[in-house]
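Colleague: I'd like to learn how to read a few features of a model like this one. Could you walk me through them?

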Amino acid sequence: GAGVSQSPSNKVTEKGKDVELRCDPISGHTALYWYRQSLGQGLEFLIYFQGNSAPDKSGLPSDRFSAERTGGSVSTLTIQRTQQEDSAVYLCASSLARGHWETQYFGPGTRLLVL
Amino acid sequence: AQKITQTQPGMFVQEKEAVTLDCTYDTSDQSYGLFWYKQPSSGEMIFLIYQGSYDEQNATEGRYSLNFQKARKSANLVISASQLGDSAMYFCAMREGSNFGNEKLTFGTGTRLTIIP
């Protein structure tokens, strides 16, 4: 079946511009996560959505970052007034979240470069 | 303190040999889960294996096994009979707590494994 998809694959933007990154989770998965991977680093948690519950935003690095999940499916991560330090790969993952330890399946990521 | 520590930035292993990738973790929770992911040069994160803190048996998935030593707080990944396609970054990750809703993963900095023909 189809995995997690993300768009765009690559995004180059100028400092100060806003960007939107899209994630389409695996069909039927109720949990959705965003992570950021800076060059040569591990993944850093950003935000988590589970069903209709309030999202866990504890990983968002600043108020320039926000995310929505409409209809319990597709999610959009928005970065306003981008800065060069926002350059990274943004990875989305989804899981069934039926129990405590459901495996998260990752998308291919969006490579963001802020000039 | 780092929650997940991977002390081997890079490793070179001869093809067909077994390799152990180290991972130590730090948590005060009694209930937690440990994961290993593989990230090839394409960038996708591929789930390999999972170990729950209450699991008495070490997890195995094909050529992958997890050497779980709870008292030492280590969860090393063992790859048997390595193949050229195993060349990639490998990340250890942990999910803490048993409350539904605390699902985020904390990742280590990774180990870059290169298999030599």
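Colleague: Which residues lie nearest the centre of the largest pocket?

Modeller: Rolling a probe the size of a water molecule over the atoms shows where empty space is left. A pocket here is an open set of points on a 1 Å grid over the protein atoms alone, where a 1.4 Å probe fits, with protein on both sides within 12 Å along at least five of seven lines; lining residues have an atom within 4 Å of a point. In this case 15 residues line the largest pocket, and A:Q37, A:L39, A:G40, B:Q39 and B:R112 lie nearest its centre. Two or more lining residues come from each of β8 of chain A and β10 (88-96) of chain B.

Before we go on: this is a predicted model, where local features need pLDDT of at least 70 and side-chain atom pairs count only at pLDDT 80 or more, while totals for chains, interfaces and linings use all residues. Residues are numbered from 1 along each chain as its sequence is written, chains are lettered from A and ligands numbered from 1 in the order in which they are written, and side-chain values use heavy atoms, with hydrogens and water left out.

Colleague: How many residues of strand β4 of chain A are buried?

Modeller: Strands are DSSP runs of E, at least two residues long, numbered from the N terminus. Buried means under 20% relative accessible area, exposed over 50% and partly exposed in between (1.4 Å probe, protein chains only). For β4(A), residues 31-37, the count is seven of seven. A:A31, A:Y33, A:Y35 and A:Q37 point one way, and A:L32, A:W34 and A:R36 point the other.

Colleague: Which residues stand opposite A:Y33?

Modeller: Two strands pair if DSSP finds at least two bridges between them. β4(A) runs antiparallel to β5(A), residues 43-50, with seven bridges, and A:Y33 stands opposite A:Y48 there. On β8(A), residues 88-95, the pairing is also antiparallel over seven bridges, with A:A93 opposite A:Y33. Back in the β4(A)-β5(A) hairpin, which has five residues between the strands, A:G40 takes a positive phi near 70°.

Colleague: Is A:T13 buried or exposed?

Modeller: A:T13, in β2(A), counts as buried because its relative accessibility is 9%. Contact means heavy atoms within 4.5 Å. Beyond four places in sequence, A:T13 touches several residues, including A:V19, A:T82 and A:L113.

Colleague: And what is B:Q14 in contact with?

Modeller: Leaving aside neighbours within four places in sequence, B:Q14 contacts B:S82, B:I115, B:I116 and B:P117. B:Q14 is partly exposed, at 37%.

How values were computed. Helices (H or I, at least four residues) and strands (E, at least two) are DSSP runs, numbered from the N terminus.
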